[in-house]
Amino acid sequence: MPISIKHLLRSALLLLQATVALGCAKPPHPAQLVPGTSVTLAPPSGFSPASTFTGFMSEDGRASILVAELPAHASEAVATLFVDEQTARRQFATRGVLVKHLESLDVEGRAVPVAIGTQNAHGQTFNKWIALFPGSPTVMITVQAPTDHAMKHKSAMMTLTSVKVSPPASLEERVSALPFTVTPEPPFRIVDTLAGASAVLTAGELDTDPEGRQPLLIVASQLSLPFGSDDLADVSDQLIAGTREIQHGTVVSRHDVMFAGIAGHRVSGHMPDGGTFHHYLALWPGQRFVRLAAILPAGSSHDVQDAVTAVAASIRFRE
């Protein structure tokens, strides 16, 4: 099953035009490579590489810089988020981001759009700067900090101005930078990562399967719960309802299981085309979660079913 443009846009939004002239001001720190990516940037003073996501975290743990790499073919689709302020407000509002305005940075001779706004989360209001660097790979970088934090507009924009994107990192490097570990079980293999937070696995000859004839696994993590509930079954149902590939399936069973090394929840069901799906979810302490969505064509063998169980059993969050 292909990764759709809607899925790419959804992934971009999960991480969630006046020109800003910053002159020749220098960021306070030398540029650093973001592990597992082709991106280097100069973070503000007091920021260091994060251990639970792709990017940097402030010393006090309240501000962050999230780096998400997307396939080159996503560039045109994701760029539609930044067409104008009205579009940006509408699109980012689906993830709770209130876009106030758009700006444009001149980075290495190209215009980089930046959506600037706020988001309410965990009882706080965060300032957010979301920048799109089109190309191969396409990169989205989100700088966010509470409104009372030392991170201010000038510092965020200087950080974004320092960004350089090199040729894509290898698949092995990108996998090693994911916030979780996952071990493929034959016949599955990892074929791609998305936004530094998801792994895509398939079984079969094709790496890209436009007609959805091959089994597909997507393992994805997120740093915070997108819903008000922390009930496993409730969150699982809401995630399934928002996942295009499985949202029209019919649930036939659900069980509490061990997943990602902790208590989890598995939902299984039938797809309208005769295939099956499985959805695993674990809510990690600190609001992080990881999930696995398996979409299996009709007639998939017991070996494939067993391999899904083995892949699910291998998943762990990195400490």
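Predicted model: local features only at pLDDT ≥ 70, side-chain atom pairs only at ≥ 80, totals over all residues.
In the largest nonpolar core, which has 28 residues, F188, F259, V290 and L292 touch the most other members.

**Nonpolar cores**

- Another core, of 25 residues, lies apart from the largest one, and its members include F56, V67, V112 and V143.
- In soluble globular proteins, nonpolar side chains tend to be buried together.
- When residues up to four places away in sequence are not counted, F259 touches G264, Y280, L281, A282, V290, R291, L292, A312 and I315.

**V114 in strand β8**

- V114 belongs to strand β8, which covers residues 110-121.
- V114 counts as buried because its relative accessibility is 0%, and the cut-off for buried is under 20%.
- Residues up to four places away in sequence aside, V114 touches H101, L102, E103, L105, W129, I130, A131, M157 and L160.
- Although V114 and E103 are 11 residues apart along the chain, 5.2 Å separates their C-alpha atoms.

**T159 in helix α4**

- T159 is part of helix α4, formed by residues 153-161.
- With a relative accessible area of 2%, T159 is buried.
- Neighbours within four places in sequence aside, the contacts of T159 are L41, A42, P43, P44 and I65.

**A three-stranded sheet**

- An open sheet is formed by 3 strands in the order β2-β3-β11, with antiparallel pairing.
- Strands β2 (32-33) and β11 (164-165) are the edge strands, since each pairs on one side only.
- Strands β2 and β3 (residues 39-41) run antiparallel and are joined by 2 bridges.
- The bridge partner of Q32 in β3 is L41, a residue that is also in contact with T159.

**The largest cavity**

- Rolling a probe the size of a water molecule over the atoms shows where empty space is left.
- The volume of the largest cavity is about 80 Å³.
- Its lining consists of G36, T37, T54, V67, E69, R174, A177, L178, T193, A195 and G196.
- Sorted by class, the lining of the largest cavity comprises 4 nonpolar, 5 polar and 2 charged residues.

Definitions and conventions: Residues numbered from 1 in each chain as written. Heavy atoms only, no water. Pairing = 2+ DSSP bridges. Helix = DSSP H or I, 4+ residues; strand = E, 2+ residues; numbered from the N terminus. 1 Å grid on protein atoms, 1.4 Å probe; cavity = no way out; pocket = protein on both sides within 12 Å on 5 of 7 lines; lining within 4 Å. Points joined across faces, edges and corners; volume = space filled by probe spheres on them. Nonpolar A, V, L, I, M, F, W, Y, C, P; charged D, E, K, R; others polar. Buried < 20%, exposed > 50% of the residue type's maximum accessible area, 1.4 Å probe, protein only. Contact = heavy atoms within 4.5 Å. Core = buried A, V, L, I, M, F, W, Y, C linked by side-chain atoms within 4.5 Å.
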